Amino acid sequence: MGKTLNKKTLGASTIRVPSLETQAEIARLLDSVMRQLDTANRQLALLDDLVKSRFVEMFGDPCDPGSSSAKSRIDSFCELRIGPFGSALHKEDYITGGHPLVNPSHIIGGAIRPDENLTIDDGKYESLAAYHLLPGDVVLGRRGEIGRCAVVKTDGLICGTAA
């Protein structure tokens, strides 16, 4: 059984209490630390306000409908497309050395790094013309590895099923 704290044990214990001078010094140090923390927190709040105001200065207020950066639906200024569904592309369609598929896993550090073993032949590529990627297109992950994105720089790529 573990030790218990009872009246007898407590009465036999010695509790060291720092002198009043030491306690006062500890209190002064803690007060100083609290003042420094308060100052740092005020500075962080001011920096946060500065960043927000600079953003509004540079890009306008996203919450103001009259602002140049007012929120708009993305499909109001670009065409959105997703990759082919499973029925259009099967595992047996994949070859080595053909037209590379671009999935989120192929977007690394903002660049497309295709897998030469995950490609399709010319015939399949032509049958999936709606999914061709053109230079200047922006590809982004819509599931799995959401957040990865890159600008297409070359012809011959095709949008994969998760992009």
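The model is predicted, so local features need pLDDT of at least 70 and side-chain atom pairs count only at pLDDT 80 or more, while totals for chains, interfaces and linings use all residues. Residues are numbered from 1 along each chain as its sequence is written, and side-chain values use heavy atoms, with hydrogens and water left out. Helices (H or I, at least four residues) and strands (E, at least two) are DSSP runs, numbered from the N terminus.

**The sheet**

- Four strands form an open sheet in the order E4-E1-E8-E5, with mixed pairing; two strands pair if DSSP finds at least two bridges between them.
- E4 and E5 are the edge strands, each with a single partner, so one side of each has no neighbour in the sheet.
- E5 pairs with strand E8 (residues 157-159) in the antiparallel sense, over two bridges.
- Leu133 stands opposite Leu157 in E8.
- As background, strands of a sheet pair through backbone hydrogen bonds, either parallel or antiparallel.

**The largest pocket**

- The largest pocket has a volume of about 460 Å³.
- Here is how that is worked out: on a 1 Å grid over the protein atoms alone, a pocket is an open set of points where a 1.4 Å probe fits, with protein on both sides within 12 Å along at least five of seven lines, and lining residues have an atom within 4 Å of a point.
- Grid points are joined across faces, edges and corners, and the volume is the space filled by probe spheres set on them.
- Of the 18 lining residues, Glu79, Leu80, Arg81, Val138 and Val139 are the closest to the centre of the pocket.
- Strand E5 (132-133) and strand E6 (138-140) are the elements that give two or more residues to this lining, and E6 has the largest share, with three residues.
- By class, the lining has twelve nonpolar, two polar and four charged residues. Ala, Val, Leu, Ile, Met, Phe, Trp, Tyr, Cys and Pro count as nonpolar, Asp, Glu, Lys and Arg as charged, and the others, Gly among them, as polar.

**Salt bridges**

- The whole structure holds six salt bridges, each being a side-chain nitrogen of Lys or Arg within 4 Å of a carboxyl oxygen of Asp or Glu.
- Arg81 meets Glu79 in one of them, at 3.5 Å from N to O.
- Arg81 also forms a salt bridge with Asp137, with the closest N and O atoms 4.0 Å apart. Arg81 lies in the loop between H2 and strand E1 (99-102) and Asp137 in the loop between E5 and E6, so this pair ties together parts that are 56 residues apart in sequence.
- Through shared partners, Glu79, Arg81 and Asp137 join into one network.
- Glu79 is exposed at 64% relative accessible area, whereas Arg81 at 42% and Asp137 at 21% are partly exposed. Buried means under 20%, exposed over 50% and partly exposed in between (1.4 Å probe, protein chains only).
- Arg28 and Glu25 form another salt bridge, with closest N and O atoms 2.7 Å apart. Both lie in helix H2 (residues 20-59), three residues apart, about one turn of the helix.

**Leu118**

- Leu118 sits in the loop between strand E3 (111-112) and strand E4 (119-120), and is buried at 18% relative accessible area.
- Leaving out residues up to four places away in sequence, Leu118 touches Tyr94, Ile95, His99, Pro100, Leu101, Asn103 and His106, where contact means heavy atoms within 4.5 Å.
- Leu118 and Arg28 are 67 Å apart in space, C-alpha to C-alpha, and 90 residues apart in sequence.
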